[in-house]
Amino acid sequence: MSDKKLDVAAFHRRAKRLVDAWKLWLFGYEFSDTILLFTKDKLLITTQRKKAKILQPLQDEADGLPLEITVIAKEPSAENAPAHAKMIAALKAAGPALGHFASETAASSIVDEWSSALAPVRGGLRLCDIGPLVSDALAVKEKSEIKHEKAAAAVGAVLMQDYFVDEMARIFDEEETVSNRALAERVERALTLKNVEKRLAGKVADLDMIEWSSLPGVQSGGQYDLSLQAPSTAETLHAGTVVCTLNTRYFMYNASVSRTFMIDPTPEQEKNYLFLLELHKQALGWLRPGVAMSAVYGQAAAYVQEHRPDLAGNLAADCGFVTGFEVRDGSNVLAPGCGRALAAGMVVVLRVGLENMANGGAAAAKDARAKTYAYQLADTVVVRDGADAEVLAA
């Protein structure tokens, strides 16, 4: 880890954004077993020696946020007590309100040691959930962050186009019996294939920074769950309607893509799919700075009601969400009730879906697994000033 070099200017710029908004995208790398305490006028960091060495250049910025780094042992030890006491003293001096992320937890021996040190004074603190505030601060991405988002989206597109489509077609052509889950596992392993690596090398700068955000999702055969991280079922892959969702990550930035594939669709199914394509196209134009996220969903629902009222009851419960270091920012969702406004630079997973649709074709009369189907289209996009949202994998 000692060969890592940090972007000092980016750190101080981002640190000031956090303090001003009063998490850890600050460094561009993940620092485990590191305790950070922001006060109104400085940042205190307690970490191990190797990580402290990496962080040291951050203290050399004359106009930066004042920074104090304290070194602790790699494992819990009595010699760590003074470092924890120093952090607690600063915490108490800053006042009784302590911001934290209520929905997140960390687990390690160092975290346990810190929790034990904090326990005696915890009762005198007023814990405040700052998750939504920090989500808003991180929702708008810098150019360097959008670059990583674009790379993550490109990875998903390559895996979808150059592996999943071909493998699914081969399975059906050769009449191989494979479960949805087994196909998803093959897609997961595709990152190690030489031909896939070759294609990815032309899209991203560092193959080592590619990873899955979650396991690929494959849905078919009448059982569809369009939620982001729905597990693939153990049922056999069905040659009817197949929905595939890939959640990929590059330098810890997330992107998602979802596609629907139809084998021998009925005219009605083709009609419904073409409508969903048009809905997705229209939605790119609704993602504009200043527009409430709930309004985007409202426009989608109104569009369906106007053009295909017969599908109004099939529209999925949301039209996407803001993404970034979190796969899904639960505070910023394109759904009813979310009044937060879109802003230029936000990266959004725009998804439109139709659920629980009945197939009245001949295939459904012979095959119970063909009676119900669903469609989903999702792309990772960036909100822009004065223009439709841009699809990052395009």
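This is a predicted model: local features need pLDDT of at least 70, side-chain atom pairs count only at pLDDT 80 or more; totals for chains, interfaces and linings use all residues.

Analyst: Happy to! Let's start with Leu191, which sits in the loop that runs between helix 7 (180-189) and helix 8 (194-201). Residues are numbered from 1 along each chain as its sequence is written, and side-chain values use heavy atoms, with hydrogens and water left out.

Is Leu191 buried or exposed? Leu191 counts as buried because its relative accessibility is 19%. The cut-offs are under 20% relative accessible area for buried and over 50% for exposed, with partly exposed in between (1.4 Å probe, protein chains only). Setting aside neighbours within four places in sequence, Leu191 has contacts (heavy atoms within 4.5 Å) with Leu159, Glu197, Leu200, Ile210 and Trp212. Leu207 is 16 residues from Leu191 in sequence, and their C-alpha atoms are 9.4 Å apart.

Now for the packing elsewhere in the chain. The largest nonpolar core holds 38 residues, and Leu279, Leu287, Leu334, Leu342, Met346 and Val348 have the most contacts inside it. Such a core is a set of buried Ala, Val, Leu, Ile, Met, Phe, Trp, Tyr and Cys residues joined through side-chain atoms within 4.5 Å. At least two residues come from each of helix 9, helix 10, strand 11 (347-358) and strand 12 (372-384), and helix 9 gives the largest share, seven residues. Leu342 shows how this works in detail: beyond residues up to four places away in sequence, its partners include Trp286, Leu287, Pro289, Met293, Val296, Leu334, Val348 and Val383. As background, nonpolar side chains tend to be buried together in soluble globular proteins.

Which rings pair up? The whole structure has seven aromatic pairs. Rings of Phe, Tyr and Trp (its six-membered ring) pair if their centres lie within 6.5 Å; planes under 30 degrees apart are stacked, over 60 edge-to-face and the rest tilted. Phe275 and Tyr303 are stacked, because their ring centres are 5.9 Å apart and their planes meet at 20°. These two residues connect distant parts of the chain, Phe275 in helix 9 and Tyr303 in helix 10 (residues 293-307), 28 residues apart. Phe275 counts as buried at 8% relative accessibility, and Tyr303 does too, at 13%. Tyr303 also pairs with Trp286: the centres are 6.1 Å apart and the planes at 65°, so this pair is edge-to-face. Since Trp286 belongs to helix 9 and Tyr303 to helix 10, the pair ties together parts 17 residues apart in sequence. Trp286 is likewise buried.

Elsewhere, Tyr273, Tyr373 and Tyr375 form a cluster through ring pairs.

Strand 12 deserves a look of its own, as eleven of its 13 residues are buried. Strand 12 runs antiparallel to strand 11, joined by ten bridges; strands are said to pair if DSSP finds at least two bridges between them. Met357 is opposite Tyr373 of strand 12. On to strand 13 (residues 387-391): three bridges join it to strand 12, again antiparallel, and Val381 has Val391 as its bridge partner. Two residues separate the strands of this hairpin, where Gly386 has a positive phi near 65°.

Positive phi also turns up away from glycine. Most residues other than glycine have a negative phi. Asp264, however, has a phi near 50°; this residue is in the loop between strand 9 (253-262) and helix 9 (267-286) and counts as exposed, at 72% relative accessibility.

Notes:
Helices (H or I, at least four residues) and strands (E, at least two) are DSSP runs, numbered from the N terminus.
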